[in-house]
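Q: Please take a close look at the packing of aromatic rings in this model. Then set it against the helix contacts and the single residues that can be described alongside.

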Amino acid sequence: MAKQSKAKIFGIIIVLFIVFGISTFGSLISFLGDYRWFQELGYTGTFLTKLRTQMMIGIPVFIVVYVLANFYLTTLKKIYIKDMALVIEKKIEKKIRLGIRVASIILALFFSVSVTSNLWFETLSFIKGQQFNIGDPIFGNDISFYVFRLPFITGILSLLMSLLFFVILINVVFNLFLITSKTTTKMGSDEKIIDFSGYGRKGKNMIEHLDKKMVMNILNQIAIFGAAFLFLLAIQFWLRTFDVLYSTRGEVFGAGYTDVLITLNLYRVLAVFALVGAVTFFIGAKRKNVIMAAALPVLLIIITILGGIASSAIQNFVVEPDEISKERQYIEHNIAYTRMAYGLNDIKEIDFEANYNLTAKDIENNMDIIENIRINDYRPIGQVYNQIQVIRPYYVFNDVDIDRYMIDGKYTQVFLSARELDQTRIDSQAQNWINLVLKYTHGYGLALSPVNTVTTEGQPMLKVRDIPPRTDMDFIINSPEIYFGEKTDTYVIVNTDEQEFDYPSGSDNAMTLYEGEAGINLTFLNKLLFAIRQGDFRILISNNINADSKIVLHRNVVERVNKIAPFLAYGNDPYMVVSQEDGKVYWILEGFTYNDKYPYSTPYAGSFNYIRNSIKVVIDAYNGTTDFYIVDEDDALANTYNQIFPDLFKDISEMPEGIREHIRYSQDYFDIQAEIFRTYHMTNPVVFFGKEDLWEVSKEKYMESVQEVESNYLMFKIPGEEKVEFLISVPYSPVGRNNMSSMLVGRNDGENYGELIVYRFPRSENISGTNMIESRIDQDSEISPQLTLWSQEGSNVLRGNLLVLPLEQSLLYVEPIYLQSSGENALPEMQRVIVAYQDKIVMERTLAGALNRIFGDVIEDPEEGENGGGINDKTIIELIREANSLFNDSQDALKNGEWTAYGQLIEQLRVVLERLDILQE
C-alpha cells in the first residue's frame, strides 16, 4: 500500500511538472527573446527593472507570509488539541502538517504574486516619487502623495483585505479537517478511541465539555478576525477621506461645500468608530457578550445611513438655494487646479485689436509670412503623393506630415512623407517567405513639397521626389532607406546570402546589403530561440542565413516605443524628420505622462485629469536606435520615471541640433488643452458658475461637410517679435455664435517651445469667425455661382481648411478650393484661392492674385509657374498642341524606362484632356 501511495504521489508530481513546464515554456521563450531585443537596444536595465523589483519584493513577502501563516496554523492546531484533550494519530498528524505547509505556501504564493504583479510599479513610484511642489487646498498634501503614495497604500490595504479573507477561509477548512480527522482522547494513562454516546450521563457531560471548548476556540478566532477586519476598515475609512478631492457631487469636480462639511467628517467619524469597534468586538467576542461585540458594527451602519441622508439634505436645502455663495471657494480650487493639471496656468494673453488697417507696404514687409501661407492640404497631398510618387505598387505614403526647413536660405513650411514598403501590397503570388523576410525589407526615400506652391495643374510642386531621391534645392539626404516606420509591421532578416531589394531602377532593381546597427545576430542558439518565438522553423533551417545575418524585430515605430516604455501614452501620428546635419531620416513620436489622481482637476473625456507632453522619442529609420528625451523638467511624473529607469531617458540638451530644430508642439496635446481651455479660460468663479463666456472651437466647411476647425500648423509673427515662427493655432467662437472671440496659439521654435498664447479679440466688435466667412463665400455673388457652375460641369468642388492668419494688427482668412473630376483615380487639384479681409472677399487662381485684388499689385503673379494657373486660360488649339506634346514625351519616357517621368506626363495629359472636354461641351 505504501509503495502504491508513493507511486501515485510520484505520478501526480510528474503530471504537475509537465503541466507547469508547458505553461511556462512559452513565457520563458518570450522572456529570453525580449531580453535579447532590449539588450540590442541598450535598455537591459529598463527590461530587468520589473523582474528585479518583483524578486526584491516577492521573495521577502513570500517568506514572511509563509512563516506567519505556518506559525498561525501550527499554533491553531496545538491550541485545538490542547483544549480538546485530543491525541492525533501519527498518520493524521503527518497529513495535518502537510496541509499546514500547503496552505501556507498557497497563501504566501497568492499574496506575493499579487503584490509583485499588481504593485511592482506602484512600489517603485512610492519609493522614487518626485515632488510636484504643489499642495492640495483641503489637506495641504503635496500632489505626489495622491499620485505616487496613496495608490500604493490603497493597493496594500486591498491585498490585506484579500489576505484576511483567505486566512478566514483556510481557518474554516482547517477546523473542519481537524474535527473530521480520526482522533483519540486521553482517559487516564490510556489513549483510546471512545464513543461517548455509550457512557450515559457521564458521556453526555464530556461531550458538552468538549463542545464548550470547541465553541470557545471558534469564538476566539471570530474575535481575532472580526477585530482585524474592523481595524482594516478603520484604515480604509481614513483613506477615503481623500476621495472627497475627486467628488462629482457639486457644480464642479472636487470637494464641495457638502463634501467638506459632511462627507469628510463622516469618514473621520467612521474611522474612529471602526477603530474603537475593533477593540469592543474583540472583548465582546471573548466574553461571549453579543451586544458588546455587535454594538459598534451596527452603529457604523446607522452612521453611514444617517450621513448619506445628511449629505443629501445639506446639498438640496442648504447648498443649492445659495450655490454660488457656498461653492465659490471650491469653484476657485477647481479652476486653479484644472489649469495647473493641463499646463494652462502660464498662458500669455495678448489683446489683439483686429483694426484692419493693412496696407500694401505691410504686405511687402511680411513676405516671409505670405510666402508660407498654406494653399494646400495634407489629405489631398497624400492622394497626389500616392498617385504620382509611389513608383511601384508595393510602396505607400502612409500619411503626410507638416514641418519647417531652411530651404535655399529661407525658413519654409513644407509637407513631407516617407515612401514606405507595404508588404501587403506585394503581388499575392510573390508573397513567399524569401520575399517577405529576406528580400523586401525596407522602403526608400520621401516626397517633399512647400505648402504654398502648386504646379500649373494644381498639384504640389515636388522639391524632393523620385527614386533615388532627386532635388533641385540645398537639401541633404544620405540614408533614404526606411527600415523602421509606420507600415513596417513584420520582422525581417538582413545580411543574408539573399540580397535585399533596395529600389527600382528603370526596368531593373538595385540590390543591397544592410550596413546598419539594428538586429540580433543569429547564432545557432538565437536561431533556435527565434524560430520558436516567431513560430517559424525556416529561421532555423534556411540556407540563406549565415553567420552575419541578423533578425530585426518590432520595426513599427509605434509598437516599438510601446514595447520599451508601456507606461507612457503616445501620439497618433509619428512624423518624419530629415536631419540636415547628417542627412539621415528619423521619426519623432510624442510621449505623454498622464494620471487620474490630480486633486480638483476635471477629467478629460472621463479619463485622465493630468497630462504633459514631456517626452520626445526619436527613432533612426535606418538603425532603429530609439532615444527618449525629457523636454519638460518640471513634470514630476517624467522625473519619477527617470529615477525608476535611469538608463532610458536623456535630457533634451543631448538631442542633436539637426533633430531638435524640428520638434513640434504636439497636436494631440494642444487639442486636449484647447478643449479644456474653452471652459477654463474663465477664472472668475461667478462667470464660470454661470458659463457666461463659454467658448467652442469655430466651425468651417471642409471638403464637403461642416466640421470643427482643426488645429493647424501655420507660420506668422507673434506681436512684438521680429521673426516669423512655426506655430500651431485654433480659433474659438462663443457657444452658439459665429463671430470669433479668441485664438489659442502654441509656439514650436527654439527657446520659446512649449509656450501658449491666447489672442483675445475686442468684445465691442464683431470679429468674423470661420463659419461666418464660409457663409460669406456661399453668398458672394461672384464666388458662389462659379462654385455651383463647376459642380454642374461634373467636378467635385472641395474646400480646404480655412486658415486664420494674424498679420500686423489685422486678420487675414485664406481658403484653397480644389476641383476633382468624377473619375475613379481622379486627383484633387488646387485651382482657386479665396482670401477674405475685413469686408472684402475675393477668389483668384493664385494667392498672389487674390492679395493683389485686395491690396493692389504688391506681389508678382506670373500667369504660369509655381503658384498655379495657366491651363484655364489656354485656347482649345493651344490645349491640343500641349496634349500632343505631352503624349509624345510620355512615349519617349516609356521607351527609356523612365517610369516616374512617364507617370507625371500621363497625369499632366489627363488634366489637359479634361480641360479640353470642358471647353467643348
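A: The answer starts with the chain as a whole, moves to the rings, and then turns to helices and single residues.

This is a predicted model, in which local features need pLDDT of at least 70 and side-chain atom pairs count only at pLDDT 80 or more, while totals for chains, interfaces and linings use all residues. Residues are numbered from 1 along each chain as its sequence is written, and side-chain values use heavy atoms, with hydrogens and water left out.

First, the chain. The protein chain holds 24 helices and 35 strands. Helices (H or I, at least four residues) and strands (E, at least two) are DSSP runs, numbered from the N terminus. Of the 921 residues in the protein chain, 53% are buried. Buried means under 20% relative accessible area, exposed means over 50%, and partly exposed lies in between (1.4 Å probe, protein chains only). Contact means heavy atoms within 4.5 Å. Among contacts in the protein chain with a separation of 6 or more, 67% join residues 24 or more positions apart.

Now the rings. Rings of Phe, Tyr and Trp (its six-membered ring) pair if their centres lie within 6.5 Å; planes under 30 degrees apart are stacked, over 60 edge-to-face, and the rest tilted. The whole structure has 53 aromatic pairs. One of them joins F628 and F649: the ring centres are 6.1 Å apart and the planes stand at 80°, so this pair is edge-to-face. F628 sits in strand β22 (residues 626-630) and F649 in strand β23 (residues 649-651), so the pair links distant parts of the chain, 21 residues apart. Both ends are covered. F628 is buried, at 0% relative accessibility. F649 is buried at 8%.

F716 and Y759 form another pair. Their ring centres are 6.5 Å apart and their planes are at 75°, which makes the pair edge-to-face. F716 lies in strand β27 (residues 712-716) and Y759 in strand β30 (residues 756-760), so parts 43 residues apart in sequence are tied together. F716 and Y759 are both buried.

Rings also gather in a group. F132, F148, Y337, Y598, Y600 and Y610 make up one aromatic cluster.

K597 lies over the face of Y246, at 5.8 Å from the ring centre. K691 lies over the face of F688, at 4.2 Å.

Next, the helix contacts. Axes are lines fitted to C-alpha atoms, for helices over the stretch in contact, and angles run from 0 to 180 degrees between N-to-C directions. Helix α3 (residues 90-128) packs against helix α16 (residues 636-644) at about 105°, with the axes 9 Å apart. α3 is therefore roughly perpendicular to α16. Angles under 35 degrees count as roughly parallel, over 145 as roughly antiparallel, 65 to 115 as roughly perpendicular and the rest as oblique. From α3 come F121, L124, S125 and K128; they meet T640, Y641, Q643 and I644 of α16. By class, the contact of α3 with α16 has 4 nonpolar, 3 polar and 1 charged residues. Here Ala, Val, Leu, Ile, Met, Phe, Trp, Tyr, Cys and Pro are nonpolar, Asp, Glu, Lys and Arg are charged, and the others, Gly among them, are polar.

Helices α7 and α8 (residues 323-341) pack at about 115°, with their axes 9 Å apart. Q315, V318 and V319 of α7 face E323, K326 and E327 of α8 in this contact. The classes come to 2 nonpolar, 1 polar and 3 charged. Q315 belongs to helix α7 (residues 290-319). Q315 is buried, at 8% relative accessibility. Beyond residues up to four places away in sequence, Q315 touches R249, G250, T258, E320 and E327.

Helix α13 (residues 524-533) has N526, K527, L529, F530 and A531 buried. Just after α13, G535 takes a positive phi of about 65°.

Two more residues follow. I434 lies in helix α12 (residues 433-439) and is partly exposed, at 25% relative accessibility. I434 and I493 are 59 residues apart in sequence, with 9.7 Å between their C-alpha atoms. Leaving out residues up to four places away in sequence, I434 touches K439, E498 and N544. D408 sits in the loop between β6 (401-407) and β7 (410-421). D408 is exposed, with a relative accessible area of 55%. M473 is 65 residues from D408 along the chain, with 6.4 Å between the C-alpha atoms. Neighbours within four places in sequence aside, D408 contacts M473 and D474.

Definitions and conventions: Lys NZ or Arg CZ within 6 Å of the ring centre and 35° of its normal.
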